[in-house]
Amino acid sequence: MLGKSPLKMAVGATAIALFVAGCSGGGSDEPEATSNTVIIGIGEPQHLLPSNTTESSGAQVLAALYYPLVNFDAQNNPFLVAAESIESPDNKVWTVKLKPGFTFHNGEPVTADSYINAWNHGAYGPNGNGGAYFFERIEGYADLQSTDPDEDGPQEAPEPKAKTLSGLKKVDDTTFTVTLSAPFSGWESVMGYTTFYPLPNAAFSSPGVLAEGFEEAPIGNGPFKMKGKWEHDSQIVVEKFAEFKGDPVKVDGITYKIYQDQKAEYADLVAGNVDVQTQIPIESLGTAPADLGDRFKKSPSSSFAFVGFPTFQPEFSKVEVRKAISMATNRQEMTDQIFLGSQTPATSFVSPVVAGYRDNSCGEACTFNAAAAKDMYTKAGGPAEIKITYNADGGHKAWVDAMCNQLIANLGIKCTGVGEPKFADLLTKVEKKEPVGLIRLGWIMDYPLMENYLGPLYGTNGSSNYYGYSNKEFDKLVAEGSAAGTPEEAIQKWQQAEDILAAEMPVIPLRHGQNVFGHSQKVTNVVVDAQARVDIFKIEVAS
Amino acid sequence: MFRYFVRRLLQMVLTFFGATFIVYALMFANQDDPLQALAGERPLPENQRQALTELYHLNEPFIVQYGYYMQGLLTGDFGRSLTGRQIGDMMADAWPVTIKLALMAIVIGATFAVTTGVISGIRRGGPFDTSTLVFTLVLLALPIVVLAPLAQLIFGIKFQWFPATAGRDATFFQLLLPAIVLGSLVVATELRVTRASVAENLRSDYVRTARAKGLSRRRVIGVHVLRNSLIPVVTLIGVDLGGLMSGAIVTEGVFNIPGVGFNLFRGIRTEDGPLVVGFVSILTIVFLVSNLIVDLLYAALDPRIRYE
């Protein structure tokens, strides 16, 4: 039997519960408004290991902790940072000389071995690093991989032939050579990517084996070091590394606050709880100019949106059909009305952020002309009914439907947008050669070269060439460009390759992305680069 | 009483294993390519696919995968998520903030609902009763996807009375607004049930007897009416507690609280079977325990109920 007064009991229980709930919270240290630190919003990184970081949240944090061999200027041309010189007489053997005097955050000196060990670990297949494919061009990469004899079956893949890349050679403590399996003029730019950061000896428990827990508090060679550990789903705090010898930074520390939802991040940006948001969600674009005033900014990003024509569907085999569909698409209307100006119409096959980009290289085929399009489509006997397949979890429905409506109105055909639950479902259907119609695709560059668009997207063996486009002449030109002696010659070849795309229209370029970002009144000089990372060397606290 | 308790505990063990098995099977059926889901739209490098497939036994048949999972679970190891984190650690991060939020929400919601429900039950048909009727109608009509961002916009951003978001190590004050929003989910039903129950009991024979005995009005309502009226409400609160912990996906998203709801959502989105099953198994225990407590409370509230 309980007490006589349930009401009193209830009140007592309430008080206790509230007290307990309140007590266990307490003591979260709010960053002081006056301090010389900034708060940047990110998503939860998947990994904080250079060779396993291929998404922007992780890359953003690593950019503060590590110092790359080369960095990129506003035109995306590489300039030397941690390297004193990077030279190659033949674009095949590259000699990298490091600037002396750099140390990791734990005091270890940065040597040639720091790079060689990190890259070997990254490239070794069984380590399962997401960025391993960046090392593909280095000689000996294939020996570090092994194939499962029965794919998904119970047998395990045999151990690879080698554990280290034969193309990496130490010359002395601050010099090493990288031998590529084929000459590549853009290799210097490639080495600027996240995957190519060095690792200290402390990262390995034994040679080639990553120490357990290293990712929780990575030790780097960059201007900032970890303060405490990676607080998952909450925040990552970094502070200035006093012994850093490279370019000076203007803030004493950065808190990377982790958000699950961009809308929540935007609410905090408006309320002044976060200083920089690198991507303002599309739902808030309508009010953002009023909320933020001149702190609402845009900068070019490398993302490129397009639709591809599966080559296994014969109805799209005529180039006139592909051209007509492209000409019937009003890109400007789409970017203005669906994306509220946060993206720009694409009329070429590579992003404007790479050197060699030409405005409107697609020409007439990407110029909206409803009458000519209908004429061309009818003459070529294009299909009376088409589908555009997209993944429903990426917010693509609105523009796919808009594009369909444009095609219905301008070509007089039937068009339906078909949403697959996930991108993987879409790929499965494409692999089975099911008639999916046009497929929605996108690309974000790994390194700022035209080749990074041309090769993976349109090359016969391109990693993201899901639609099966293949043109020997094109492949040859891309390869020649990669092997060319100078960047200028390379660009010339790549532009010729791009012209082939314009003539054949294997895909319809639709939109170039932009970083639509905002910052608080506390910070100035906020620059967001083409890879959606805040430039940590430029950002400063407003005085 | 003791035998009843033991019997219930044994049932709970069975329910627990049944529930985890069903959830694991469902996740397995839903899974087509979790590794591609992890990579997003990027092509998944072959070396990574191979290494992760073997690490997570993704190439094994269902029953073998379940065997590996159960083997780990019984030794206290919840396994690793697809991004390599210990699921045990993820739970240790997620549960405290969700429990805090759910408790605050239930206390705020239930206190408000029961107090208002009793008053409107006594003053049936009066202006107070009518206005609570309208209020609950509005609450029922407002889905959480509207209510949560609206509350954040008005009280968090425009007036700045509350912090706009909370975070993992949120304080009592930071969690107050999300808790009120979450609590409002249960207010409407609990309030209506209390009101109906009080109104009905006021007309019952034992209340008339109590009045006839000359007991004070306070005692009649506070002891006789309220205790009997609380039985259906306590049942509701017990169920709501589990529901609030698992169903706070929207609220946790809007206020940036990386709790259980968020982790479940992440697990389902990335087809991460072990992650979902880990959280659901704890949720199952929460539901089972809160139901047991509710059943035991019946006996305390109503002397006529005895357990053998």
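In this predicted model, the largest nonpolar core holds 219 residues, and those touching the most other members are A:Ile254, A:Ala324, A:Tyr453, A:Leu454, B:Leu101 and B:Ala105. The element that gives the most to this core is α5(B), with 15 residues.

Apart from neighbours within four places in sequence, B:Leu101 is in contact with B:Leu175, B:Pro178, B:Ala179, B:Leu182, B:Ala248, B:Ile257 and B:Gly259.

Chain B as a whole comprises 13 helices and zero strands. The C-alpha trace of chain B spans about 85 × 55 × 30 Å along its principal axes. Of its 308 residues, 38% count as buried. Among contacts in chain B between residues at least 6 apart in sequence, 73% link residues at least 24 apart.

The contact between the two chains draws 49 residues from chain B and 51 residues from chain A. On the side of chain B that touches chain A, at least two residues each are supplied by α2 (34-39), α3 (46-55), α5 (87-122), α7 (144-158), α10 (217-246) and α11 (249-254) of chain B. Helix α5(B) provides the largest share of that side, seven residues. By class, the residues of chain B that touch chain A comprise 21 nonpolar, 17 polar and 11 charged.

In chain A, two further members of the core list, A:Tyr453 and A:Leu454, are among the buried residues of α12(A). The buried residues of α12(A) pack against β14 (296-308), β18 (438-443), α13 (472-483) and α14 of chain A.

The pairing with α14 can be described geometrically. Two packed helices are described by the angle between their axes and the distance between the axes. Helix α12 (residues 451-458) and helix α14 (residues 487-504), both of chain A, pack at an angle of about 40°, their axes lying 10 Å apart. Because of that angle, α12(A) is oblique to α14(A). The crossing in which α12(A) passes α14(A) is left-handed. From α12(A), A:Glu451, A:Leu454 and A:Tyr458 meet A:Trp494, A:Ala497, A:Glu498 and A:Leu501 of α14(A). By class, this contact has five nonpolar, no polar and two charged residues.

Definitions and conventions. Residues numbered from 1 in each chain as written. Chains lettered and ligands numbered in written order. Predicted model: local features only at pLDDT ≥ 70, side-chain atom pairs only at ≥ 80, totals over all residues. Axes fitted to C-alpha atoms, helices over the stretch in contact; angles between N-to-C directions. Helix = DSSP H or I, 4+ residues; strand = E, 2+ residues; numbered from the N terminus. Parallel < 35°, antiparallel > 145°, perpendicular 65-115°, else oblique. Left-handed = near helix turned anticlockwise from the far one by under 90°. Contact = placed C-beta atoms within 7 Å. Nonpolar A, V, L, I, M, F, W, Y, C, P; charged D, E, K, R; others polar. Core = buried A, V, L, I, M, F, W, Y, C linked by C-beta atoms within 7 Å. Buried ≥ 20, exposed ≤ 12 C-beta atoms within 10 Å, placed from the backbone.
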